[in-house]
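Hi,

Here is the structure I said I would pass on. Have a look at it first, and then read my notes below.

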Amino acid sequence: MWKHTRVISILKPGKNPALLSSYRPISLLDTIGKLFEKILLARILREVNVRGLMWDEQFGFRPRHSTSLQLVHLVERITWNFDKKRLTGVVFLDMAKAFDTVWIDGLLYKLTLLNCPSHIVHTISSYLRGRTLEASFQTATSSRRGMRAGVNQGGLISPVLFSLYVNEMPSPSHHDELALYADDTAIIATSRKPTLHVSYLESYLNDLQWWLRECRISINVSKSTAIIFAHAGRRFIQPRPVTLFGNQSNESTPLVIWG
């Protein structure tokens with residue numbers, strides 16, 4: 001029963017009830033299984049912190065690493081560039097169904113490469129393999145189906161496991177840096193010329209595309225955004241849109257001016 005999940009669908013506010021995309025799936029997990037996850041999470045976090053298994057740029061679900069601190073880091077970077085008369089280009093990536101598509105064998109392999117203790121890797125393997133789910137909608141319930149991939153939405157260990165899964169994301173060049181929070185990814189480029197932002201960002205995105213393919217992760221390009229942050233007193237020519245994996249990025253707000 002610890003490995004079984006019941007999925008219910010909640011209608012999003014203001015959405016058309018006739019469309020499947022209008023519903024948010026919620027996973028209901030076994031209570032004793034969640035208690036077990038709480039114990040296992042403490043063991044995982046201890047190894048992560050003692051061994052330094054996770055990047056400093058990853059703030060997702062870690063002690064003393066809140067969303068507010070990650071935002072402060074980004075704002076300080078933008079403000080520092082203002083003082084140096086530089087522009088800041090940022091691409092915000094949206095990973096499609098991130099937790100649901102985690103490749104379990106790939107996750108276990110990466111945990112082994114990180115020298116995570118074998119008993120913890122074996123426990124995680126046993127807990128993730130052989131899971132089943134059933135979907136409920138109104139009065140109907142589906143038959144049980146096996147889960148071939150993914151970590152449970154709502155699981156206590158799922159955010160940390162996903163963070164470790166993406167922990168080997170390609171390292172940026174000295175022109176770029178990363179700001180990560182679980183499945184939320186921001187790529188930050190700094191330059192005095194806006195055209196160089198596009199070049200730096202696209203160069204890193206080309207490396208990232210290969211890695212995403214290897215890890216079986218998809219990016220929702222329509223929900224990803226590229227923005228240039230500039231001081232209000234500075235004028236420059238708006239560069240062409242950043243190309244994300246063969247598609248132009250969403251730039252509904254082409255320029256955000258601070259300061």
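**Aromatic pairs**

Searching the whole structure, which is a predicted model, turns up four aromatic pairs. Quick reminder before the details: the distance of the centres and the angle of the planes are what describe a pair of aromatic rings.

Start with F36 and Y127. Their ring centres are 5.4 Å apart and their planes sit at 50°, so this pair is tilted. Because F36 belongs to helix 1 and Y127 to helix 4, the pair ties together parts that are 91 residues apart in sequence. Are the two residues buried or exposed? F36 is partly exposed, at 23% relative accessible area, while Y127 counts as buried at 6%. There is also a cluster here, in which ring pairs link W2, F36 and Y127.

Next come F99 and F162. With centres 5.2 Å apart and planes at 35°, their rings form a tilted pair too. F99 is in the loop between strand 3 and helix 3, and F162 is in helix 5, so this pair ties together parts 63 residues apart in sequence. Both F99 and F162 are buried.

**Helix 1**

Now follow the helix that carries F36. Helix 1 runs over residues 31-51, and at 1.5 Å a residue its 21 residues should span 30 Å; the end C-alpha atoms are 30 Å apart, which agrees.

Which residues of helix 1 are buried? They are G33, E37, L40, L41, I44, L45, E47 and V48.

What do the buried residues of helix 1 pack against? Their partners are strand 2 (23-29), helix 4 (118-128) and helix 5 (158-165).

At the N-terminal end, D30 caps helix 1, with a side-chain oxygen 3.1 Å from the backbone nitrogen of I32. After helix 1 comes G52, which has a positive phi, near 60°.

**The nonpolar cores**

I44 turns up again in the largest nonpolar core, which has 51 residues; I44, I124, M169, I187 and L208 have the most contacts inside it. Several elements supply at least two residues each, including helix 1, strand 3 (87-94), strand 8 (184-191) and helix 6 (194-215). Helix 6 gives the most, with nine residues.

Setting aside neighbours within four places in sequence, I187 is in contact with G89, V90, V91, L93, E177, L178, L201, Y204, L205 and L208. There is a second, separate core as well: it has nine residues, and F82, A186, I188 and F229 are among them.

**One last residue**

Finally, find S136 in strand 4 (residues 132-137). S136 is buried, with a relative accessible area of 6%. Which side chain does the side chain of S136 make a polar contact with? The partner is R6, at 3.0 Å. Not counting residues up to four places away in sequence, S136 touches R6, V7, I8, S9 and T141.

Cheers

Methods:
Residues numbered from 1 in each chain as written. Predicted model: local features only at pLDDT ≥ 70, side-chain atom pairs only at ≥ 80, totals over all residues. Heavy atoms only, no water. Helix = DSSP H or I, 4+ residues; strand = E, 2+ residues; numbered from the N terminus. Expected span 1.5 Å × (residues − 1). Buried < 20%, exposed > 50% of the residue type's maximum accessible area, 1.4 Å probe, protein only. Contact = heavy atoms within 4.5 Å. Polar contact = N/O pair within 3.5 Å; in protein donor to acceptor, adjacent residues only side chain to side chain. Core = buried A, V, L, I, M, F, W, Y, C linked by side-chain atoms within 4.5 Å. Phe/Tyr/Trp six-rings, centres within 6.5 Å; stacked < 30°, edge-to-face > 60°.
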